[in-house]
2 protein chains.
Amino acid sequence: MIIDCHGHYTTAPKALETWRNRQIAGISEPAQMPKAAELKISDDELRESIETNQPKFMKERGGDLTIFSPRASFMVHHIGDFAVSSTWASICNELIHRVSKLFPENFIGAAMLPQSPGVDPKTCISELDRSMKEYGFVAINLNPDPSGGHWISPPLTDRHWYPIYEKMVEWDIPAMVHVSTSCNACFHTTGAHYINADTTAVMQFIQGDLFKDFPILKFVIPHGGGAAPYHWGRYRGLAQELKKPLLTEQLLKNVFFDACVYHQPGVDLLTKVIPVDNILFASEMISAVRGIDPRRGIITTTPSATWRRSGRSAPRTAARSTKATRGGSIRVSTRR
Amino acid sequence: MIIDCHGHYTTAPKALETWRNRQIAGISEPAQMPKAAELKISDDELRESIETNQPKFMKERGGDLTIFSPRASFMVHHIGDFAVSSTWASICNELIHRVSKLFPENFIGAAMLPQSPGVDPKTCISELDRSMKEYGFVAINLNPDPSGGHWISPPLTDRHWYPIYEKMVEWDIPAMVHVSTSCNACFHTTGAHYINADTTAVMQFIQGDLFKDFPILKFVIPHGGGAAPYHWGRYRGLAQELKKPLLTEQLLKNVFFDACVYHQPGVDLLTKVIPVDNILFASEMISAVRGIDPRRGIITTTPSATWRRSGRSAPRTAARSTKATRGGSIRVSTRR
């Protein structure tokens with residue numbers, strides 16, 4: 001089974017965005033604030049939004065199951081307060097749950113958390129628990145910068161985040177470290193903020209001692225690990241300077257990179273530099289970058305066919321690390 | 001001639017740091033503020049700080065001339081106001097000038113600018129002019145985030161920066177986009193802030209239209225271009241989505257990547273993905289990462305010997321793009 005560990009519901013029916021725009025308008029004009037129940041999307045609409053999209057590409061390219069989460073760039077934790085984030089996360093997670101019930105062969109859920117800048121992460125626990133218990137989700141997305149590009153939260157290795165980590169251990173789930181839309185004009189969302197956040201998280205994990213406190217905690221760094229694999233020599237050198245163990249000890253027992261690198265030389269570097277057990281197949285499809293690559297004539301995404309053809313074990317790693325538990329739901333565990 | 005386009009004076013005599021610490025103390029206690037003239041470093045001390053260091057490694061590895069600038073992590077533009085930055089930049093640039101006079105075969109200068117958060121970049125012009133006119137420097141380092149990790153300046157494509165660009169055109173000099181020490185706990189200086197800034201700058205140049213206004217402006221993105229070459233497929237896709245010309249048109253006529261990628265697979269990717277005319281040899285030596293790589297038994301730095309052995313033209317590109325002008329000083333021009 002080929003598992004794609006990084007898919008967002010980027011094709012949700014327009015009604016979702018419309019409701020969200022009303023919610024955002026309601027922040028300044030409370031009388032306009034819509035109720036969650038006012039969002040009505042039928043199963044047929046959900047089916048329609050999906051069936052000509054992700055499963056078609058998955059079939060064409062040989063993927064089987066996608067770990068599916070709400071659209072990352074729509075999380076936008078910096079808009080509104082915790083109550084706004086809470087309602088929005090709840091709606092988005094429920095839609096993911098419905099999609100995964102409608103297409104159980106294709107999707108299994110990962111939760112968006114109701115993060116909000118400056119708010120204690122433990123406020124996210126209730127939605128996290130609900131997503132695991134009621135929806136059978138298998139992972140969460142954790143935003144290291146709910147401010148959207150101002151980076152005012154402490155590093156991921158700080159105790160600030162520990163309530164989330166305790167729950168991750170309790171549910172035995174990994175977190176994908178994933179920011180949302182940037183509201184800082186310096187950072188283009190998908191071209192800078194996403195990649196910078198990935199790089200930043202890797203360096204935080206190298207610098208800190210988080211995995212002494214949580215030896216079985218697992219993180220997936222999306223977008224091929226940001227800049228980290230390309231600069232692996234730099235990170236090996238920095239770990240040494242910081243008198244940390246080798247990266248294989250300090251980082252790679254707990255940190256995994258997805259394969260979302262949209263060109264073959266990048267994928268080649270990733271698989272050459274990072275041990276294959278630390279790479280999870282992923283396509284971020286239908287992705288943040290949706291164009292047709294004129295050089296290849298296909299949608300810009302991880303060249304997944306190559307993985308299968310090459311016989312490399314990376315996609316198999318994802319499959320191998322998946323086990324059926326809890327009444328048939330599929331859980332991702334990268335524990336070795 | 002093999003030119004290394006990225007060297008900082010990381011081995012300056014201790015007296016420099018001591019003076020700087022007094023200056024920083026003087027910000028809160030003005031009575032303690034030292035005069036510039038109180039810093040005394042003899043030519044012998046300068047010679048001693050250099051001769052057993054950079055030229056030795058350059059000789060060992062086959063480099064000829066290094067474009068040499070003040071230590072990037074010591075620029076720390078976020079400490080103090082413009083007056084503090086101005087005195088500090090002036091001192092640091094003068095030392096670079098003295099080193100390049102003492103070792104004219106080995107070094108030629110690039111200027112640090114007296115940037116300060118929230119201060120108009122045109123305040124830097126006087127130091128820039130002085131560095132070119134009096135010192136014969138051939139480049140500048142431009143910090144896109146003088147706040148040190150809070151990113152409160154506009155993107156590099158904003159008119160905010162135009163006074164610097166007008167001077168760059170006037171003097172026909174390139175700028176290396178280079179941040180300094182991070183004061184944001186999220187960002188490790190050399191492991192996250194540097195690399196993020198590189199990635200951010202590349203995406204700003206893709207997103208903006210700066211080179212329509214300044215067709216001959218030239219930037220060097222250090223540290224192998226941050227994450228950009230590794231994610232070249234993503235950037236090609238984003239340029240397409242943004243309806244920009246191909247990266248060869250939109251970016252690569254004006255933007256060049258240095259070769260500071262501290263492991264062979266990274267260098268291989270860089271030279272495979274980026275046209276060779278856009279790669280400038282650089283070692284960032286004696287670098288931000290100074291350890292001995294246990295796998296190679298040498299200082300962690302760009303494996304320069306490989307460039308020479310491989311016969312690739314990247315180092316030759318740097319040489320080819322260098323021309324002697326103005327009474328024998330060497331200027332770097334990447335114009336084709």
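**Close-up views of a predicted two-chain model**

**View 1. The surroundings of B:Leu251.** Setting aside neighbours within four places in sequence, B:Leu251 is in contact with B:Val202, B:Phe205, B:Ile206, B:Trp232 and B:Phe257, where contact means heavy atoms within 4.5 Å. A quick note for all the views: this is a predicted model, in which local features need pLDDT of at least 70 and side-chain atom pairs count only at pLDDT 80 or more, while totals for chains, interfaces and linings use all residues. Residues are numbered from 1 along each chain as its sequence is written, chains are lettered from A and ligands numbered from 1 in the order in which they are written, and side-chain values use heavy atoms, with hydrogens and water left out. B:Leu251 sits in the loop between α10 (247-250) and β7 (255-258) of chain B; helices (H or I, at least four residues) and strands (E, at least two) are DSSP runs, numbered from the N terminus. With a relative accessibility of 0%, B:Leu251 counts as buried. Here, buried means under 20% relative accessible area, exposed over 50%, and partly exposed in between (1.4 Å probe, protein chains only). From C-alpha to C-alpha, B:Leu251 and B:Met75 are 28 Å apart in space, and 176 residues separate them in sequence.

**View 2. A:Phe219 and the largest nonpolar core.** The largest nonpolar core has 197 residues; such a core is a set of buried Ala, Val, Leu, Ile, Met, Phe, Trp, Tyr and Cys residues joined through side-chain atoms within 4.5 Å. The residues with the most contacts inside this core are A:Tyr165, A:Phe205, A:Phe219, B:Tyr165, B:Phe205 and B:Phe219. Not counting residues up to four places away in sequence, A:Phe219 touches A:Leu142, A:Tyr165, A:Met168, A:Ala175, A:Val177, A:Phe205, A:Leu210, A:Phe211, A:Asn254, A:Val255 and A:Phe256.

View 3. Side chains of opposite charge can pair when their charged atoms come close. A salt bridge is a side-chain nitrogen of Lys or Arg within 4 Å of a carboxyl oxygen of Asp or Glu, and the whole structure holds 28 of them over all chains. In helix α1 (residues 14-28) of chain B, B:Lys14 and B:Glu17 lie three residues apart, about one turn of the helix. They form a salt bridge whose closest N and O atoms are 3.5 Å apart. B:Lys14 is exposed at 58% relative accessibility, whereas B:Glu17 is partly exposed at 31%. Helix α5 (residues 125-133) of chain B holds B:Glu127 and B:Arg130, again three residues apart, about one turn of the helix. Their salt bridge has its closest N and O atoms 3.1 Å apart. B:Glu127 is buried at 8%, while B:Arg130 is partly exposed at 22%.

**View 4. A salt bridge between a loop and a helix.** B:Arg159 forms a salt bridge with B:Asp213, the closest N and O atoms being 3.6 Å apart. B:Arg159 lies in the loop between β4 (139-142) and α6 (162-171) of chain B and B:Asp213 in helix α8 (residues 210-213) of chain B, so the pair ties together parts that are 54 residues apart in sequence. B:Arg159 is exposed, with a relative accessible area of 58%, and B:Asp213 is partly exposed at 41%.

**View 5. A:Ser131 in helix α5 of chain A.** A:Ser131 is found in helix α5 (residues 125-133) of chain A and is buried, with a relative accessible area of 0%. Beyond residues up to four places away in sequence, A:Ser131 touches A:Asn93, A:Ala111, A:Gly136 and A:Phe137.

**View 6. Strand β2 of chain B and its partners.** Six of the six residues of strand β2 (residues 65-70) of chain B are buried. Two strands pair if DSSP finds at least two bridges between them. Strand β1 (residues 3-9) of chain B pairs with β2(B) in the parallel sense over five bridges, and B:Ile3 has B:Leu65 of β2(B) as its bridge partner. β2(B) also pairs in the parallel sense with strand β3 (residues 107-112) of chain B, over three bridges, where B:Phe107 of β3(B) is the bridge partner of B:Thr66. From β2(B), the chain crosses through helix α4 (residues 82-102) of chain B to β3(B), and this β-α-β crossover is right-handed: with the strands pointing away from the viewer, the path from the first strand over the helix to the second runs clockwise.
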